[in-house]
Amino acid sequence: MKKFISTIVLFSLYLSSIYCQNYILKENVSYIPAEDTDAYKKERCKLDIYYPNGKTDYTTVVWFHGGGLEGGEKGIPDELKNKGIAVVSVNYRLSPKAKNPAYIEDAAQSIAWVFNNISSFGGNTEKIFVSGHSAGGYLALMVALDKSYLQKYNIDADKIKGTIPISGQTNTHYTIKKERNLAFDIPYIDEYAPISHARKDASPMLLVTGDKRMELTARYEENAQLNAIMKAVGHKNIEFYELQGFDHGNVYAPACLLMLNWINKINKDKK
């Protein structure tokens, strides 16, 4: 689906004017138990919480960075700052030091931490959205669609208010294939492919990619396929956007603005 984003930019500016307020940034909070002795988990399994001071009942976006599951660092996207919402930015273990499904498990554990703790910062546990760019989008999809990861923490993945992968891979991730010595360019779908867990009762979903002429190989097509399959299995609340003129690396900025508009709409919808 191709739509212009000028109205989204205006909406973002409108939100900034409304929500201009003080924010608190709490950094490097561990989301694993203190008794966990794994040194690499202790190093990587940390998150930052950026939340509005003196406000309650706000929306929270859990944000996973990109980097191909092999690199990257947590950070708060500028486009999500000062918008009246909280952003929880997550680090997770990386390949090759950690192997699949370690990074998916970390993503689930961090989301569970948010469900169990965000209310103490003023957030509403019924307004938790999960997002990320590239590899981060893949992680968001895996945890939202394969309910087994959050079930370990007694959390129903369908309690996620919405899932917003930005240029996320919907087949089995490149790095997982690399760990198995599989061909990079040949699509592979197994239990680590989000599309294999498509289901009608999943949380609302916003899929965003860059221009299909400028994106990574088949990234637009993978998301188009997930969109089609989700609808085929009966999912009623999914939208798909191709942002023309943006490549894989720079699509996340306008996508974040689009995300804010979509979150506002979802929060107003009756469940």
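Predicted model: local features only at pLDDT ≥ 70, side-chain atom pairs only at ≥ 80, totals over all residues.

**Entry 1: peptide bonds.** I looked up omega for the bond between S95 and P96, and the bond is cis, at about 10 degrees. N100 and P101 are joined by a cis bond too, with omega about 5 degrees. P101 sits in the loop between strand 4 and helix 3. I flagged these because most peptide bonds are trans.

**Entry 2: phi.** Most residues other than glycine have a negative phi. I found N28 with a positive phi of about 55 degrees, and N28 is not a glycine. Its place is in strand 1, and I logged N28 as partly exposed because its relative accessibility is 46%. N154, not a glycine either, has a positive phi of about 60 degrees. N154 lies in the loop between helix 5 (148-151) and strand 6 (162-166). Its relative accessibility is 75%, so N154 counts as exposed.

**Entry 3: charged pairs.** How many salt bridges does the structure hold? I get 15. K127 is partly exposed at 22%, and D57 is partly exposed at 43%.

Next I checked D190 and R180, a salt bridge at 2.6 Å, N to O. Both lie in the loop between helix 6 (174-179) and strand 7 (205-210), so the pair ties together parts that are 10 residues apart in sequence. Is D190 buried or exposed? I have D190 as buried, because its relative accessibility is 12% and the cut-off for buried is under 20%. R180 is partly exposed at 33%.

**Entry 4: a network.** K147 and D156 form a salt bridge at 2.9 Å, N to O. I then found that K147, D156, D158, R199 and D201 are linked in a network of salt bridges. K147 is partly exposed at 21% relative accessibility, and D156 is partly exposed at 31%.

**Entry 5: one distance.** I took T37 and E191, 154 residues apart along the chain, and got 29 Å between their C-alpha atoms. T37 is exposed, at 71% relative accessibility.

Notes: Residues numbered from 1 in each chain as written. Heavy atoms only, no water. Buried < 20%, exposed > 50% of the residue type's maximum accessible area, 1.4 Å probe, protein only. Helix = DSSP H or I, 4+ residues; strand = E, 2+ residues; numbered from the N terminus. Salt bridge = Lys/Arg side-chain N within 4 Å of Asp/Glu carboxyl O.
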